[in-house]
Amino acid sequence: MRKQKKMMLMVMAALALTACGASEEPKQEMAQSESTQKQSTEEKSSSAGESKTDEKVKLVLMHYAAEETKRSGIDAWVQSVTEQYPDIEIEVQAVTPWAQFASSLQTKIAAGDAPDIFMGKPSQFIQLAEAGQVLDLTGQKCLDNLSEVDKAMVSVGEKVYGVPVDRSIAGVFYNKDMFDEYQLKAPTTLSEFNEIIRTFEEQGVVPFVRAYKDNIYPRVDFDSSFGSMVAKEDEKFYEKIQNGEKKFSDYPMFKLQADIYAARLSAKRDDDLGTDASRANQLFASGKYPMCITGSWAIGDIRKNNPDGNFGFFTTPWSDQEEENTLPIGVDTAFMVSAQTKHPDEVMKFMEHLTSAEGVRQWYENAKVPTIIPVETTDLDPIFVDMNAIIESGKVVSKDSYPYFSGEYKSKFESDLQLFAATPEIGAEGLISMLDKDFSGISK
């Protein structure tokens, strides 16, 4: 009992520190209880002509995907693997939102009942990896199709602990037809971006639809350009703030970004704080708004609402020096293996499928997101085309190269940015003062 209690405390501490960490991009938060899906069993006939039910190896896969498109991608994987390996049965447990997923996972690990496979990135679970609760995948066949850079993004130290399947890319989604109507083109500098915003305002058009009812989206908006600043100025920004070594007021770059964000918020707006991510995707897809600052995880839902919409993507500018406006990219969805699994061979068959040509195509066709391993297709979404052009240009920075806020610090940062979005008149100084005070309160 003492050993189990000790394990529970260790896991709770680890997840409290890492909940929704560095490179995790927002998922649409849905209060939803745990649900399961099981693959049907098959009967085989014996050599004597008598049928019997073979004993199957049961694997449990746990995830926090809120998007229907990603859930359908997981279902496609499960169907393919169980058809190829009839002796494997996979139970899928969907647990959202993230906080509920983290709580459920910590309970299961502490009780010795961890899922065999679970969604997440090593950057979110560093303490669990270091505690030996996550399986080291270094050298496994499932990593053969990944580049060294891709593997580095899911590593802790010199060991690989995850299989990444798609990228997290946040920036400005825009309606190309609306831009053409007003003779506008995608900007490359902050001044050009501000001029586009003013043009729409002058025409009586609200420039952005925002999903600010979900408190992660003010942070997505803010970080879509601030991540570029962090990579340029100080990759330890979040770490230094969280451990109390520095304050927000110590960083001129943070005030610069806060000023830029406040100016953007001062433009003509609709009901940002009453709109959630699902509704924002619908409204953008409908053609009512010319721009939406969101991430690659939203593409599937946008396309579900308007498969033929003429949409594009550009980097959120923060500088008038074009070369400084880099695009922060990282891993969005990844899967890890519990060190508690009793069926490592069967688990590896599933993990290998994720990086196979068939598995990559299934994820692309269902989840509608930019895959880590390029998918071979002649029908690439125009949004992906724009994203890939930026990546190929080299004007990108890795979000996974620096640790993000974790636990209560991340939650407070998001809630304070949401409050700032509601009251931008307090200005950058007001935001900085609020953040310094609130973060100081957490550390006490």
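The legends below accompany several close-up views of this predicted model.

Residues are numbered from 1 along each chain as its sequence is written, and side-chain values rest on heavy atoms, with hydrogens and water left out. Because the model is predicted, local features need pLDDT of at least 70 and side-chain atom pairs count only at pLDDT 80 or more, while totals for chains, interfaces and linings use all residues.

View 1. Let us start with E346, which has its place in helix α13 (residues 344-354). Helices here are DSSP runs of H or I with at least four residues, strands are runs of E with at least two, and both are numbered from the N terminus. E346 counts as buried because its relative accessibility is 16%; buried means under 20% relative accessible area, exposed over 50%, and partly exposed in between (1.4 Å probe, protein chains only). Setting aside neighbours within four places in sequence, E346 is in contact (heavy atoms within 4.5 Å) with V57, L59 and I88. V81 and E346 are 265 residues apart in sequence, and their C-alpha atoms are 9.9 Å apart in space.

View 2. Side chains of opposite charge can pair when their charged atoms come close. A salt bridge is taken as a side-chain nitrogen of Lys or Arg within 4 Å of a carboxyl oxygen of Asp or Glu, and the structure holds 22 of them. In this one, the side chains of K151 and E148 meet at 2.9 Å, N to O. The two residues are three apart in helix α5 (residues 148-152), so about one helical turn separates them. K151 is buried at 17% relative accessibility, whereas E148 is exposed at 59%.

**View 3. The salt bridge between R219 and E414.** Here the side chains of R219 and E414 meet at 2.9 Å, N to O. The pair links distant parts of the chain, 195 residues apart: R219 belongs to helix α8 (residues 216-233) and E414 to helix α16 (residues 407-422). Both ends are buried, R219 at 3% relative accessibility and E414 with a relative accessible area of 5%.

**View 4. The salt bridge between D381 and R303.** The side chains of D381 and R303 come together at 2.6 Å, N to O. D381 sits in the loop between α14 (357-367) and α15 (382-393), and R303 in helix α12 (residues 299-305), so to speak a link between distant parts of the chain, 78 residues apart. D381 and R303 are both buried.

View 5. Rings of Phe, Tyr and Trp (its six-membered ring) pair if their centres lie within 6.5 Å; planes under 30 degrees apart count as stacked, over 60 as edge-to-face and the rest as tilted. By this rule there are 39 aromatic pairs. F237 and F248 form an edge-to-face pair, because their ring centres are 6.1 Å apart and their planes lie at 70°. F237 is buried at 0% relative accessibility, and F248 is buried with a relative accessible area of 1%. Y238 and Y404 have ring centres 4.4 Å apart and planes at 40°, so this pair is tilted. Y238 lies in helix α9 and Y404 in the loop between β15 (396-398) and α16, 166 residues apart.
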